[in-house]
Amino acid sequence: MSQTHSPASPAGRPPVSQPGRPAARPARRRRLDRSHYLYIAVIVAVGAGIAVGLLAPEFAKGLKPLGDGFVSLIKMMIAPIIFCTIALGVGSVAKAATVGKVGGLALGYFVVMSTFALAIGLLVGNLIHPGEGLNISTSYDASKTAAASSTDFVLGIIPTSFFSALTSGSILQALFVALLVGFALQKMGAKGAPILEAIRQLQQLVFRILAMIMWVAPLGAFGAIAAVVGATGVAALVALGTLMIAFYITCILFVFGILGVLLKVVTGINILRVMKYLAREYLLIVSTSSSEVALPRLIAKLEHLGVAKPVVGITVPTGYSFNLDGTAIYLTMSSLFIASALGTPLNIPEQISLLLFMMIASKGAAGVTGAGIATLAGGLQAHRPDLVNGVGLIVGIDRFMSEARALTNFTGNAVATVLIGKWTKQIDMVQVDRVLSGELPFNESTMSADDHLSADEEEYRARRLADERALSDQKALSYQKALAGEKALDDRPMVVR
Ligand SMILES: O=C(O)C[C@H](O)C(=O)O
C-alpha cells in the first residue's frame, strides 16, 4: 500500500485521525454522494424511459423485461426479509410485552395506527381512482389459482418442510415459519439469544443484498416506465403522476392531520417544533431514502428530549418493525392502482380483505430503501397473485415514493414514542419545553461520534443499538419494578444533560 493511502480501518470503521493530520471525514461524504448518484440516475432513467416510450412506443414495449427482471430481483428477497423481520420483531415484542405497560401500549398503538394508515390509503385510492382506464394486460395465468378451495388455502400455509417455507416463494409459508421461530425464541429466553443474534446478522446480509439490487433500479425503472408509456401513452404518465402526488399529499395529511393533532391533543406539543428539532435526521433520510439510517440519532434525540430511556428503547426499535405508517398507506393505495390499471378494480369486500391481509404483510416491512415495494409484491403474491405482475407498473416511480414512505415512517415512530412517554408518564415535559425552545440544545459534541460517522459506522451503531435492546429491556424491567416500589430508583434514566 502506498504511503499516501490512509491506514486500513478495522471492521469498516472510519480511519482514526493522526497527529498533524486533519480528521478523516470523506467516508461519509462519499457514501452520501453515491446515494445521490443513484437518485439522479433514477431520475435520468425515468426521463429517458418516458422519452423512449413516447417517441418509439413499439421499441419501448420490448423493454418490459428490464422492469420485470427488477421486480423478480425484488421478489427474490421477499421471503428472507419477511422471515428475518417477523422472527426478530416477534422476539422483541414478546420481550417488550413482559415489561408491561410500555410494551403493551406501544403494541396496541402500532396495530391501531398502522391499520388506520392502511385504511387511509384505501380511502384516498377510492376517491381518486388511480390507474383507472389504463387497462394494461399482464401474462398471469388465472387458472393457477382458480381451483384453490379455502381448505387448500389453509393447508397451503403449512410448508412441506421447514426450509421449503423460505424457498417455495409462498409468503404465507414464510410468515408462518417466521412466527413459529419468533415465538419459540421467546420461550427459549436467554438460550435463544445467540439464534436471535444470528437472525439479526442474516437480516443485515439480506438488507445488504437489497441495497445492491437497488443499484440496478435505474435500469428497471427505465425499462418499466418505457414499456408502460409505450403501451398506454400519456395516459400512463398522468396515472402515475396522480398516484405519486396523491401519495405525497396523503402522507402530508396523515403527518399533520392525524399525528400532529394527536400529539397536540395528548401532549400539547406542536409537531412542527418536533420536526424542526429532528431536521438533521430528515436530511439524512431524504439523501438515503431510508428511515432506519436515522434510527440511532432518533434514539439519542428522543432521550435528550426528555422521554425516559426504557420507553425510547422499547418503542423505537419495535416501531421500526410494526409501525411503518408511510409504507402502510403505500401498500393499499398502490394495490388499488395496480388492480385498476390491470382492469380488475377491487370491490369493497375485496378491499376489506386486502386491508386485513396487508395488516399482516405490512409487519414484514422495514425501514430500508426498497422494502416497501418488496412488501407490496409479497402481499399481492400471497393475496392476489394475479396482480403481482402489475408491480412492474410502479417500479419507475418507486424511488420517489420511497422518500415519502421513509419520512412518514420516521415521523410516525418519533410521535409514537413521545405519545407512549406521555401516556405512561415517563416523559419530562419541562425538559421537552427547554429542548424545543432551544434553551437546552442537543449537544452535537457529545454525539460527535454520530455526527462525523460514515454510513458504515451509522450501520454499525444501528446494529449495536439493536444488540443493546435486550439490555434496554432489562433496564425497563427494573424501571418498572422501581416504579412499583420494589427497588430504589437510584438510576432513573431521565437524565437532563
Ligand atoms: O425507509 C423506510 O422507512 C421505507 C423505505 O424507504 C422503503 O423504500 O420502503
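Q: Which helix does Ala279 lie in?
A: Ala279 sits in helix α14, residues 279-288. Helices here are DSSP runs of H or I with at least four residues, strands are runs of E with at least two, and both are numbered from the N terminus.

Q: What sort of model is this?
A: A predicted model, where local features need pLDDT of at least 70 and side-chain atom pairs count only at pLDDT 80 or more, while totals for chains, interfaces and linings use all residues. Residues are numbered from 1 along each chain as its sequence is written, and side-chain values use heavy atoms, with hydrogens and water left out.

Q: OK, back to Ala279: buried, partly exposed or exposed?
A: Ala279 counts as partly exposed because its relative accessibility is 37%. Buried means under 20% relative accessible area, exposed is over 50%, and partly exposed is in between, using a 1.4 Å probe and protein chains only.

Q: Zooming out, what's the secondary structure of the chain?
A: The chain has 24 helices and zero strands. Of its 497 residues, 51% are buried.

Q: What share of the contacts joins residues 24 or more positions apart?
A: 83%, counting contacts in the chain with a separation of 6 or more. Contact means heavy atoms within 4.5 Å.

Q: What does UniProt list as "transmembrane region"?
A: The unreviewed entry lists residues 37-56, 76-94, 106-128, 162-185, 206-239, 245-266, 328-348 and 354-377. UniProt positions are in the numbering used here, feature names are shortened, and annotations may be inferred rather than shown by experiment.

Q: How much helix is in 106-128?
A: Residues 106-128 are 100% helix and 0% strand, with the end C-alpha atoms 33 Å apart. For 162-185, the chain is 79% helix and 0% strand, and the end C-alpha atoms are 16 Å apart.

Q: Where's Ser114, and what is Ser114 in contact with?
A: Ser114 lies in helix α5, residues 101-128. Ser114 counts as buried because its relative accessible area is 2%. Beyond neighbours within four places in sequence, Ser114 contacts Phe322, Asn323, Asp325, Ala328 and Lys363.

Q: New topic: which residues come nearest the ligand?
A: Ser289, Ser291, Gly372, Arg405 and Asn409, out of 14 residues around the ligand. Near means that one of the residue's heavy atoms lies within 4 Å.

Q: What lies 2.7 Å from an oxygen atom of the ligand?
A: A polar side-chain atom of Arg405 does, and a backbone N or O atom of Gly372 is also at 2.7 Å from a ligand oxygen. For Gly370, a backbone N or O atom is 2.9 Å from a ligand oxygen.

Q: How much of the ligand does the protein bury?
A: The ligand exposes 270 Å² taken alone, and the protein buries 100% of that. Accessible areas come from the Shrake-Rupley method with a 1.4 Å probe; for residues, only the protein chains shown count as cover.

Q: Which elements give two or more residues to that shell?
A: α19 (371-383) and α20 (395-423). The largest share, four residues, comes from α20.

Conventions. Polar contact = N/O pair within 3.5 Å; in protein donor to acceptor, adjacent residues only side chain to side chain.
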